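Please read the points below with the structure open.

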Amino acid sequence: MTEKLMSSGIWQRGEEDEGVYGFLITDIRKEVNRAAKLKCNICKKKGASIGCVAPKCKRSYHFPCGVQKECIFQFMEDFRSYCWEHKPVQKFSVKESRESSQCTICLDLVEQLPLYSVLKSPCCKNAWFHRECLQYQALSAGVFFFRCTVCNNKNKFQKEMLRMGIHIPEKDASWELEENAYQDLLQCYQHCDVRRCLCKKGRDYNEPDSKWEIKRCQCCGSRGTHLACSSMKSWEQNWECVECRSIFAKSGNYSKQQKRSLAASEKTDGTTCLLEEPSPKCPRQSSGSPHSFLLQSPKIMCQSNLTPCSRLELPSSNRMTMSLSPLMSNRNWSLRKKHLRQQRREVSNILKELKLQINTKTTRLNINTENIWNSALKGFRQRNFSPTNAIEIKFTSCKNRLKTDTSDGSKHRFFQLLMLHLQNSSLFEGSSVKNLSLDSQALKENLYFEAGKMIAVSLIHGGPSLGFFSKTLFNCLVYGPENVKPALEDVADVGVAQTIKMIKYSNSLSSLQSTVHDCYEFLAAAECLRPVTALCDKNMLVNDILIHHVIKRIILPLESFSQGLKTLGVLEKMQMHPDAFSSIFCHKPERLSAETLCDLFTIHCSSDVNKAEGADFWMHYLQDVEITAKFEQGGESVVTLEDILLFGTGSFSIPPIGFDPEPTVKFLHIRYPVGNRLLNCLELPITKTYEQFKNKMEFTIRNTLRGERE
């Protein structure tokens, strides 16, 4: 076959399944007849079908004779062949020619001479190889894994080796083709090691998505605990064993993690944990916040003709005055928030455009609130599920019988619970911002694809913003992993981060070499070994480790996750509008304000209603709730702006795509407020005084939500 590829008078004119791998039988016979007349310039026998491609060179030879005579055969493009006189050579400097080095494959000495048997790496100054070693490695690694053994460069390295006659077969690596080659990696530690195990079925019993699920130590992975034995919730991922905690404590670097960050915000219902905690850099706006201009002019539509009415002015006593901060940081923060709002508006329009794919056919999902992930996975994998169908949710639990709720409120709640579970699942790693993790079992079960698909479907069907993606993960999805440079903050593994810091902050060549020697096994496993001859080499070494650990290590999960995100065209739009989509993937949603809700709800009023008075009470109440919630955080009797939104729409936050239909407020002659979640409408009572209005609002909202939680 090699003789056919290199023959000068034959071409692959057929398809792969025609003739012999595309070489037609008639063409082969013609080439045999032609070669029968040609004499080999090496062995002097006839049948020499291979000729040198150099101009005016008439030499012909057999393939084995050419190899013996050190001819070059290029296994690429036109499969050219060069005789021993015209073959391509690598350039060597005078200094290099005097030295000897070590072949980085067989570790034997190799002389740095311009010989056929010696090859130099095009991407590394001090990397030398025996030709025989390189050819053996290429045949074993294949085109997907053959790369420089020092710097891991693939494209430049392969191009030069092909030029110099190394055959790189288009196949998977030999170690990838071994059956069950990585079986040991799929085994994980499953044993409860706490002093007093509460599980009656024993320390080795593990039931996923229950209180008897075993969590492994996030630092060493060689100790475990049942959730119930350590009083953990199912969504908690950060747990360290006693040994690891003691090591951190002795080193002085251990600070107790906030495992209860979500639990601290959770009330008795178990749903308040969906509320986003305000960022330390983004405090809730006070009464001096510059949003009074909007509260003075809400959207008001008359029910009779649905046209905008005249602006309403609040009494001066109720207006919020605008205070201009002299600090430039406040101004910059304000501009940044304004820019994020613009980006989110752009995302909303894009998602609405994608939503046009949704048809009227409905798919019903039976969701167990106590096992949200498995029931969602089962629903998404059922045969009749299609992302383009409308989604209807049926919630059920062990305590309550099946209850159907076709309103958007149940759908909002489902996607909020699902996205929260994903954020805290083993598919992601990190604390406040997340990168993809490497979970072999999840990869085997195709869960990364399903997660990407769920996120895409959630965004189009009215789910919440994510806000937990790291910039590195987002950029990998949008620009491709080969164009992303990770940072130390992206490393979630404490041990790896410590190793990188030791290398990065080495202040002398001897300390750097000592650190590299201590970390030899780790660097070898990560394919990051490189000669360290100067202190500045640490920068390239750190970069190699970061790229391997943050990107190359999770390349398969990333590809699978990307395929899932392509559902309904979401990933394509992300790549077209990266700045806009980063506002919902990488930034937490802005905490609700009175200004936001006032702008969100359009006021509809009938002709017999005092428009000014109803709007006055509504806006005054929003301001009171915002101020009260600020100073009485955590109080069970306090109604928040999120509660008002939940009461009217069934959602704690504003979805990136917005609400459909758009939220409205109606003032009617009724005794108490009504939240019509099917229409996203707040039906509010007409009262004589503001105190009556406020009391009815708080009584109804507080008791309605409390009843739902119980």
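1. Basis of the note. The model is predicted, so local features need pLDDT of at least 70 and side-chain atom pairs count only at pLDDT 80 or more, while totals for chains, interfaces and linings use all residues. Residues are numbered from 1 along each chain as its sequence is written, and side-chain values use heavy atoms, with hydrogens and water left out.

2. The chain overall. The protein chain has 27 helices and 20 strands; helices (H or I, at least four residues) and strands (E, at least two) are DSSP runs, numbered from the N terminus. Of its 710 residues, 46% count as buried. Buried means under 20% relative accessible area, exposed over 50%, and partly exposed in between (1.4 Å probe, protein chains only). Among contacts (heavy atoms within 4.5 Å) between residues at least 6 apart in sequence, 61% join residues at least 24 apart.

3. Nonpolar cores. A nonpolar core is a set of buried Ala, Val, Leu, Ile, Met, Phe, Trp, Tyr and Cys residues joined through side-chain atoms within 4.5 Å. The largest one has 76 residues, and those touching the most other members are Phe414, Ile455, Phe469, Phe561, Met574 and Phe585. Helix H15 (residues 447-460) gives this core its largest share, nine residues. Another core, of 31 residues, lies apart from it and has Trp618, Leu622, Ile644 and Leu646 among its members.

4. Methionine 574. Residues up to four places away in sequence are not counted here; beyond them, methionine 574 touches Phe474, Leu477, Val478, Leu565, Phe581 and Phe585.

5. Helix H12. Is this helix enclosed or open? Seven of the 10 residues of H12 (residues 372-381) are buried, so the helix is largely enclosed by the rest of the structure. The buried ones are Ile372, Trp373, Ser375, Ala376, Leu377, Gly379 and Phe380.

6. H12 against H15. The axes of these helices come within 11 Å and cross at roughly 85°. Axes are lines fitted to C-alpha atoms, for helices over the stretch in contact, and angles run from 0 to 180 degrees between N-to-C directions. H12 is therefore roughly perpendicular to H15 (65 to 115 degrees). H12 contributes Trp373, Ala376, Leu377, Phe380 and Arg381 to the contact, and H15 contributes Leu447, Glu450, Lys453, Met454 and Val457. By class, the contact has seven nonpolar residues, no polar ones and three charged ones. Ala, Val, Leu, Ile, Met, Phe, Trp, Tyr, Cys and Pro count as nonpolar, Asp, Glu, Lys and Arg as charged, and the others, Gly among them, as polar.

7. Cysteines. How many disulfides does the structure hold? It holds zero, a disulfide being a pair of cysteine sulfur atoms within 2.5 Å. The closest cysteine sulfur to that of cysteine 65 is in cysteine 43, 3.8 Å away, too far for a bond. Cysteine 192 is likewise in no disulfide, with the sulfur of cysteine 197 nearest at 3.9 Å. Cysteine 65 is buried, at 12% relative accessible area, and cysteine 192 is buried at 0%.

8. Two loop residues. Arginine 147 sits in the loop between helix H5 (131-145) and helix H6 (155-163) and counts as buried at 18% relative accessibility. Leaving aside neighbours within four places in sequence, arginine 147 is in contact with Gln137, Asn152, Asn153, Lys154, Phe157 and Lys552. Lysine 91, in the loop between strand S4 (81-82) and helix H4 (94-97), is exposed, with a relative accessible area of 77%.

Notes: Parallel < 35°, antiparallel > 145°, perpendicular 65-115°, else oblique.
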